[in-house]
Amino acid sequence: MKTLLILVRGDARTFYDLQQKSILSQLPCRCVLLVDRDNRAQFESLPGAEILETVRWKDDEQLKQQVLQLHQQYQFDGVTTLDESNVELAAELRQLLGLAGMQPEQASWFRNKVRMKQQLMAAGIRVPQFVSCSETQTVRRLLQHYGRLVIKPVDGLGSKQVVFITREDELALWEQQHMSELEEFEAEEFIEGDLYHVNALVIDGIAQLTAAAAYLPGMSNIEFSSGAPFVSVIVENEELKQRLIAHSNEVNQALQLQQGVTHLECFVTPKGEIVFVEVGLRPGGGGIVWMIESQFGINYNFAALALAAEQPELIPTPSSKPQHLAGLIGIRSHLSGFVVSSAAPQDFAKSNIQLRQIDVSAGKFSAAAAHCTDFQGLFIFDSVDGDDFDQNWREIYHTFNQKLQLNCI
């Protein structure tokens, strides 16, 4: 039996499929999970998590020594993670232990947004014009040329610390606030268009399934601070879908991906041009994995683990249901306060709703969203077509907000 080391952060619900079965229990592997003290408790009851080891993520050297000792004890066959922030660490541990899989240099292409885009530009892929924020005069020329810039961390995630700049005084203030860390940020041209995400399952260098989906305008990852909901749906338009799939294939080939799951984001401009934004070597968050599972019958989190264990035969053949359009809504708030009353799962009884997660309840504190997937509630649901989808998400959103009462602070 193989032994898999999994670097784990966040919510244990990530390790359940749409039928609420543990994906670890479906792996014929011994699974050793590295967790921190704060989230250990929620993984103790996760079926298939045979061994939990507590680590301190910020103590890099101690963690590596701990993993070397664990390797002597368990003899790991693979190291993996479903978490964006641990992609490079997983690669470093593979190199340290002499294990197969993506190594640090290639992993940096999936985390460092400058190296990522440089690699894609060399392959002729359209990316926004960009520059390190440490090159302050070049940043100013970029702002003068385009009139609007996006500033983001070089290795950021979850849309944190992303800002939009339209005036030189805004840029000067931002630089003053970040003077000691300018090299940790990049500035790029603002792209006008609709945002899409494209999710590929790659085996032996070939995408076996690529799920393309749209974020509804004004309801994508970046709008969390306004409290707008996070709404997404599988792309219906066949011509656009094939163009998005081709774009994903080009990106993954340029990044020399042989095995893995990717979550790519791109803009489609009013003229129909596809412009790359970024790509992660991990399944999409915020319920995207379950939306894809509802549409195609494959849980990408399970697929990523199966590939890390070198057992791709465990991944089912994709299938798509006729007259079935999968979508999701994650409900966010820009307000903080104690919950007076909230919706319950039975308030969403329609049979087309595949998953109901409600993370607010009376008497508990609900904080304003500080991350793109800081949800008060998440729903995965099926629709017949785009019009039906639009009606469904609006109905869910109305019901949830009608039931929710906050004592704001």
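The questions and answers below concern selected residues, strands and a pocket of a predicted model.

Q: Is Gln103 buried, partly exposed or exposed?
A: Gln103 sits in the loop between helix 3 (87–97) and helix 4 (104–109). Its relative accessibility is 29%. Buried means under 20% and exposed means over 50%, so Gln103 counts as partly exposed.

Q: Which residues does Gln103 contact, leaving aside its neighbours within four places in sequence?
A: Val55 is 48 residues from Gln103 along the chain, and their C-alpha atoms are separated by 22 Å. Leaving aside neighbours within four places in sequence, the residues in contact with Gln103 are Ala91, Arg94 and Gln95.

Q: At what distance does the side chain of Gln103 reach the backbone oxygen of Gly101?
A: A polar atom of the Gln103 side chain lies 3.3 Å from the backbone oxygen of Leu99. The side chain of Gln103 also reaches the backbone oxygen of Gly101, and there the distance is 2.8 Å.

Q: Which residue in strand 4 stands opposite Ile6?
A: Strand 1 (residues 2–7) and strand 4 run parallel and are joined by 4 bridges. In strand 4 (residues 78–81), Val79 and Thr81 point one way, Gly78 and Thr80 point the other way, and all are buried. The residue that stands opposite Ile6 is Thr80.

Q: What is the volume of the second largest pocket?
A: Rolling a probe the size of a water molecule over the atoms shows where empty space is left. For the second largest pocket, the volume is about 560 Å³.

Q: Which residues that line the second largest pocket are the closest to its centre?
A: The lining of the second largest pocket has 29 residues. Elements that give two or more residues to this lining are strand 4, helix 3, helix 4, strand 12 (260–268) and helix 10 (300–308). The closest to the centre are Arg94, Gly101, Met102, Gln259 and Ala308.

Q: How many residues in the lining of the second largest pocket are charged?
A: By class, the lining has 16 nonpolar and 9 polar residues. The number of charged residues is 4.

Q: Why is strand 12 described as largely enclosed by the rest of the structure?
A: Gly260, Thr262, Leu264, Cys266 and Val268 point one way from strand 12, while Val261, His263, Glu265 and Phe267 point the other way. Residues on both sides are buried. Strand 12 is largely enclosed because the number of its residues that are buried is 9 of the 9.

Q: Which residue in strand 13 is the bridge partner of His263?
A: Strand 12 and strand 13 (residues 274–280) run antiparallel and are joined by 6 bridges. They form a hairpin with 5 residues between the strands, in which Gly272 takes a positive phi near 90 degrees. The bridge partner of His263 is Gly280.

Q: With which side chain does the side chain of Glu293 make a polar contact?
A: Glu293 lies in helix 9 (residues 288–296). Its relative accessible area is 9%, so Glu293 is buried. Leaving aside neighbours within four places in sequence, Glu293 is in contact with Asp17, Leu18, Gln19, Ile298 and Asn299. The polar contact, at 3.0 Å, is with the side chain of Asn299.

Q: What is the phi of Gln20?
A: Gln20 lies in the loop between strand 1 and strand 2 (29–35). At 48% relative accessibility, Gln20 counts as partly exposed. Gln20 is a residue other than glycine, yet its phi is positive, near 65 degrees.

Q: What is the phi of Glu310?
A: Glu310 is placed in the loop between helix 10 and strand 14 (325–331). Glu310 is not a glycine, but its phi is positive, at about 60 degrees.

Q: Is Phe338 buried, partly exposed or exposed?
A: Phe338 is found in strand 15 (residues 337–341). Not counting residues up to four places away in sequence, Phe338 touches Gly363, Lys364, Phe365, Gln405, Leu406 and Asn407. Its relative accessibility is 43%, so Phe338 counts as partly exposed.

Key
Residues numbered from 1 in each chain as written. Predicted model: local features only at pLDDT ≥ 70, side-chain atom pairs only at ≥ 80, totals over all residues. Heavy atoms only, no water. Buried < 20%, exposed > 50% of the residue type's maximum accessible area, 1.4 Å probe, protein only. Contact = heavy atoms within 4.5 Å. Polar contact = N/O pair within 3.5 Å; in protein donor to acceptor, adjacent residues only side chain to side chain. Pairing = 2+ DSSP bridges. 1 Å grid on protein atoms, 1.4 Å probe; cavity = no way out; pocket = protein on both sides within 12 Å on 5 of 7 lines; lining within 4 Å. Points joined across faces, edges and corners; volume = space filled by probe spheres on them. Nonpolar A, V, L, I, M, F, W, Y, C, P; charged D, E, K, R; others polar.
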